[in-house]
Amino acid sequence: MGPAKRIGILTGGGDCPGLNAVIRGAVKSATRLGYDVVGFLNGYEGLVDPVSYKPLNRQNTSGIIHQGGTILGSTNKGRFAATVGISRRVELPVELLAAVQTTMEQLQLCGLICVGGDGSLAVAQQFHEFGLPVVGVPKTIDNDLSATAFTFGFDSAVACATDALDRLHTTAASHGRNMILEVMGRHAGWIALHAGIAGGGDVILLPEIPWTFEGVCHKILEREAHGKHFTLIVVAEGAQSPDGQLVTRENEKDDRQTRLGGIGALVGQEIERRLSRETRVVVLGHLQRGGPPTTFDRVLATQFGAHAVRLVVQRQFGKMVCYHPPSIDEVPIIDAVNDLSRVPPDGAAVQAARALGISFGDACPDDGPFHPTSRSAHPATAADTAEEHEKVLTP
Ligand code: F6P
């Protein structure tokens with residue numbers, strides 16, 4: 001009997017558009033090379049008691065490239081996710097690792113493709129250190145892995161947020177209201193930055209650039225002075241408030257991570273309190289994670305799936321596929337999970353945005369013409385009274 005020619009694949013962590021395109025890409029390329037593929041269900045959980053998987057073939061992975069979610073299911077909770085985080089590595093129990101090894105041996109797997117974000121890849125790294133033949137595929141809408149120029153799912157999330165901004169733009173302009181869109185992005189503000197630029201945002205608030213309420217109000221008044229009585233503000237869920245606090249959902253903590261949410265509402269409240277301007281807040285939430293992947297994500301995910309199979313065939317284990325334009329490449333998984341990607345505050349996209357006049361909420365010249373307290377800064381409005389100016393100055 002020749003060497004085992006069966007590959008396992010699983011999708012771990014939060015879902016995102018493009019997971020099915022990876023699965024399809026891997027299965028189609030593997031079967032053409034004479035390999036069988038099995039897909040484990042519900043992320044890493046499917047690997048152990050009770051082991052749950054299904055055979056994957058060209059038939060049951062056909063017609064799924066455009067489908068959001070994952071046909072294998074996923075979870076960001078459970079025995080693997082609860083014990084391992086990127087910044088707080090906790091060793092997986094040896095018994096759990098041994099159980100995974102047993103499953104892989106019983107199914108005669110020659111390799112396991114783990115599709116996931118930083119947490120799931122940190123699990124894959126521990127599998128690799130235990131001697132299991134694993135290959136990683138980077139997935140996250142947050143785009144927060146340095147080792148790859150882009151993760152799949154990011155472009156789809158940005159498209160969704162941009163569409164939301166396009167819609168908010170017209171209603172904001174019609175009513176002369178400020179609109180705040182809160183988007184995902186735990187530690188990195190890539191979605192807010194790209195959607196903010198693409199969707200004509202006026203203010204973008206990121207975890208990476210400290211900002212103030214004065215800075216945000218300043219931009220609103222500056223726009224009003226130019227006859228624009230609405231302002232579009234995009235805020236990443238992980239953008240700390242000016243006092244350095246992450247805004248979280250009360251009573252919605254789980255064993256894995258604190259649920260973020262509410263920074264948009266806080267910004268909205270402060271705008272109304274300081275400027276008495278009508279402001280509405282929209283939390284885009286999981287709409288960003290659902291639905292069909294963009295064409296970019298379909299192509300990237302397909303390439304990732306095919307390259308992951310290539311790495312298994314070449315026995316390049318402990319590697320993660322990555323996109324180094326124009327090439328699809330590979331890096332050690334450990335490099336990927338150790339080096340998370342943040343928006344560089346002086347990077348090209350931020351510089352371009354600033355050149356256009358987009359505010360990051362950090363600039364509020366003391367005596368500039370559009371300072372919130374300057375009476376010449378804006379036409380007579382509700383805020384154009386000494387009392388309102390006082391509100392701007394004293395939070
Ligand atoms: O890590 C990706 C992400 O989309 C974050 O931006 C967000 O905070 C988190 O997942 C939400 O995950 P869930 O609601 O599935 O626990």
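**Exercise 1. Sort the lining of the second largest pocket in this predicted model into nonpolar, polar and charged residues.**

Step 1. List the lining. It consists of Gly200, Gly201, Asp202, Lys219, Glu222, Arg223, His226, Leu356, Gly357 and Ile358.

Step 2. Apply the classes. Leu and Ile count as nonpolar; Asp, Glu, Lys and Arg count as charged; the others, Gly among them, count as polar.

Step 3. The lining has two nonpolar, four polar and four charged residues.

**Exercise 2. Place Pro93 in the chain and decide: is Pro93 buried, partly exposed or exposed?**

Step 1. Locate the residue. Pro93 sits in the loop between helix 2 (78–81) and helix 3 (94–106).

Step 2. Take its relative accessible area, which is 36%.

Step 3. Compare with the cut-offs. Buried means under 20%, and exposed means over 50%. Pro93 is therefore partly exposed, at 36%.

Step 4. Check a distance. Phe80 lies 13 residues from Pro93 along the chain, and their C-alpha atoms are 9.5 Å apart.

**Exercise 3. Describe the whole protein chain: its elements, burial, contacts and surface.**

Step 1. Take the elements. The chain has twelve helices and eleven strands.

Step 2. Turn to burial. Of its 395 residues, 53% count as buried.

Step 3. Look at contacts between residues at least 6 apart in sequence. Of these, 73% join residues at least 24 apart.

Step 4. Finish with the surface. The accessible area is about 16,200 Å², and carbon and sulfur atoms account for 52% of it.

Notes:
Residues numbered from 1 in each chain as written. Predicted model: local features only at pLDDT ≥ 70, side-chain atom pairs only at ≥ 80, totals over all residues. Heavy atoms only, no water. Helix = DSSP H or I, 4+ residues; strand = E, 2+ residues; numbered from the N terminus. Buried < 20%, exposed > 50% of the residue type's maximum accessible area, 1.4 Å probe, protein only. Contact = heavy atoms within 4.5 Å. Areas by Shrake-Rupley, 256 points an atom, 1.4 Å probe, with all protein chains shown as cover. 1 Å grid on protein atoms, 1.4 Å probe; cavity = no way out; pocket = protein on both sides within 12 Å on 5 of 7 lines; lining within 4 Å.
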